[in-house]
Amino acid sequence: MLSTDPLWYKDAVFYEIHVKAFADGNGDGIGDFQGLIGKLDYLQWLGVDCIWLLPFYPSPLKDDGYDVADFLQVAEQYGTMDEVRHFLDEAHRRGIRVIVDLVLNHTSDQHTWFQQARSSPQSPKRGFYVWSNNDRTYGKARIIFIDTEKSNWTWDPEAKAFYWHRFFSHQPDLNYDNPEVRQAMLETMAFWLDQGLDGFRCDAVPYLFEREGTICENLPETHTYLKEVRRKIDVAYQGRILLAEANQWPTDVRPYFGDGDEFHMAFHFPLMPRLYMGVQSGNRDPIIDMFTHTPEIPPNCQWCLFLRNHDELTLEMCSGEERDYMYYTYARDPKMRRNIGIARRLAPLLENDRRKIELLNSLVFTLPGSPIIYYGDEIGMGDNVQLKDRDGVRTPMQWTMDRNGGFSNCDPARLYLPVVADPIYGYQSVNVESQKAMPHTLLQWMKQMIKVRKQHPAFGRGTITFLRPANGRVLVYVRRHEDTTLLLVHNLAGSAQPVELDLKEFAGSTPVELLGEARFPRVTERPYVLTLAAYGYYWLNLVPEHPRGEFYGIEQTAL
């Protein structure tokens, strides 16, 4: 059953899926809703609370579905509307919610709106897009895809005018100054929420409006419209959420929460590369520094934390020096680079080092926010850097060691992309079936960590206080919520590290390790000493001493 808590998303573990990449139910080589329904038991077993689906709308697929040709239909290769409804019912029956990408900013140039708009200046849809007789308007706006686009304007010979686009030239921006556009997108949201969806991951929200003399990002008009969206959803669709994709500095993302009346959630993009920097350098400063630049958010709002997703590992919010460091460390081969980022999966980024994979996931599970797992990362799937664009991290899910990794029973040549088949990450050695059958695999570890995280609301709802022990290789923070205090200790170094902690504030309490329930020596006024293995970590519950000589939850015995 679904939780009735209106703040359910604060405790949730999200799981990102591309429908075409997860499971093929009809044998045509492309994942679909029929296949996805058949894998819901796996996601329930793993402990997933909410599925985030990438766009499944009709599309010419020049941008893997983010170039939407019809917001109100399901792409034929993925299934039917009835199958979507059945999928949503089956997910909800297992206590799993579902959100989907909604591309607010633009459409495909194949969308009927644009085809009508370009046909004539008198077309009723002409005002659905942004047109100009020159390519110099809004000249302060940056070009986002600098490796493919030379301008934010493209000449359309049929319309005999330039049209505006912040992303690819085949994705014309919608004109949100037009009230008909604003209403059309509200109706689009209502349509899908009526089908049973639990919310939207709203794509590219900083760019909805344009104003001369500005960089055309984060404009007040954007927030005015988004607050209207939130108001209408709150009135008619309680318990549904809006997740903002705003690849900006935290102070610029903060307004998208409003006063708790805009987005429920937003990705913390700049934190992600700093996690990799911290582990690579063995230095906690990049991580703590990012939190000093992260403002407080309203109590009903939440950050989303992630290590990887369907796009490149974006370095857009990094300085030139930080970007060079990340490229040198994680993507020396130019084939691994896309736009301003790195097109690799989590396991290859970390050289398949199980200790680093666990450590980084531990950080995402325990820092303030809700974690998002990218499909396949729970088993350590690899990538294929030889594929074009970002396809290298969008290969078929690896279920078994059978043909096509158990993703599809079709001829391998018909697969939408080849399954990873190299000696290290190939489906014969990296797959769900094998890892589920053995007790100490990465998949079993992920399942256990998800289970423990969900048992402690402090992870999703608690405050955070960073401790600063003398050893800078060890990252330590305290999470507090109601009467629970958790101590999280992470060794960012590749060698064993000692650390002395000032815990006298918690004197008398007994640290209980959450994963194995081992009890550590009682905290006193003296420095508390721990030793961590290379890339090791502790999740400790500081259980206060009961006045009768017992401490809460566990019978007191001599240590």
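Modeller: One definition to start: Ala, Val, Leu, Ile, Met, Phe, Trp, Tyr, Cys and Pro count as nonpolar, Asp, Glu, Lys and Arg as charged, and the others, Gly among them, as polar. The model is predicted, so local features need pLDDT of at least 70 and side-chain atom pairs count only at pLDDT 80 or more, while totals for chains, interfaces and linings use all residues. Residues are numbered from 1 along each chain as its sequence is written, and side-chain values use heavy atoms, with hydrogens and water left out.

Colleague: How many cavities of 30 Å³ or more does a search of the whole structure find?

Modeller: The search finds two. A cavity here is a set of points on a 1 Å grid over the protein atoms alone where a 1.4 Å probe fits but cannot get out. Grid points are joined across faces, edges and corners, and a volume is the space filled by probe spheres set on the points.

Colleague: How much space lies in the largest cavity, and what lines it?

Modeller: About 390 Å³. Its lining has 26 residues, and Phe145, Phe167, Glu245, Asp311 and Arg390 lie nearest the centre. Lining residues have an atom within 4 Å of a point. By class, the lining of the largest cavity has ten nonpolar, seven polar and nine charged residues.

Colleague: And the largest pocket, how much space is there?

Modeller: About 470 Å³. A pocket is an open set of points with protein on both sides within 12 Å along at least five of seven lines. The largest pocket is lined by 20 residues, with Glu296, Ile297, Pro368, Gly462 and Thr463 nearest its centre. Ten residues of that lining are nonpolar, six polar and four charged.

Colleague: Which element gives the largest share of that lining?

Modeller: S14, with three residues. Strand S10 (302–306), helix H16 (458–461) and strand S14 (463–467) each supply at least two. Helices (H or I, at least four residues) and strands (E, at least two) are DSSP runs, numbered from the N terminus.

Colleague: Changing topic. At what angle do H13 and H15 pack?

Modeller: About 20 degrees, with the axes of H13 (residues 354–366) and H15 (residues 442–454) 11 Å apart. That makes H13 roughly parallel to H15, a label for angles under 35 degrees. Axes are lines fitted to C-alpha atoms, for helices over the stretch in contact, and angles run from 0 to 180 degrees between N-to-C directions.

Colleague: Which residues make the contact?

Modeller: Arg354, Ile357, Glu358, Asn361, Ser362 and Phe365 of H13, and Leu442, Trp445, Met446, Met449, Ile450 and Arg453 of H15. Contact means heavy atoms within 4.5 Å. By class, the contact of H13 with H15 has seven nonpolar, two polar and three charged residues.

Colleague: What about H6 and H7, at what angle do they pack?

Modeller: H6 (residues 179–195) and H7 (residues 220–236) pack at about 30 degrees, with axes 11 Å apart. The contact is made by Arg182, Met185, Leu186, Met189 and Leu193 of H6 and Tyr225, Glu228, Val229, Lys232 and Ile233 of H7. These divide into seven nonpolar, no polar and three charged residues.

Terms used:
Angles under 35 degrees count as roughly parallel, over 145 as roughly antiparallel, 65 to 115 as roughly perpendicular and the rest as oblique.
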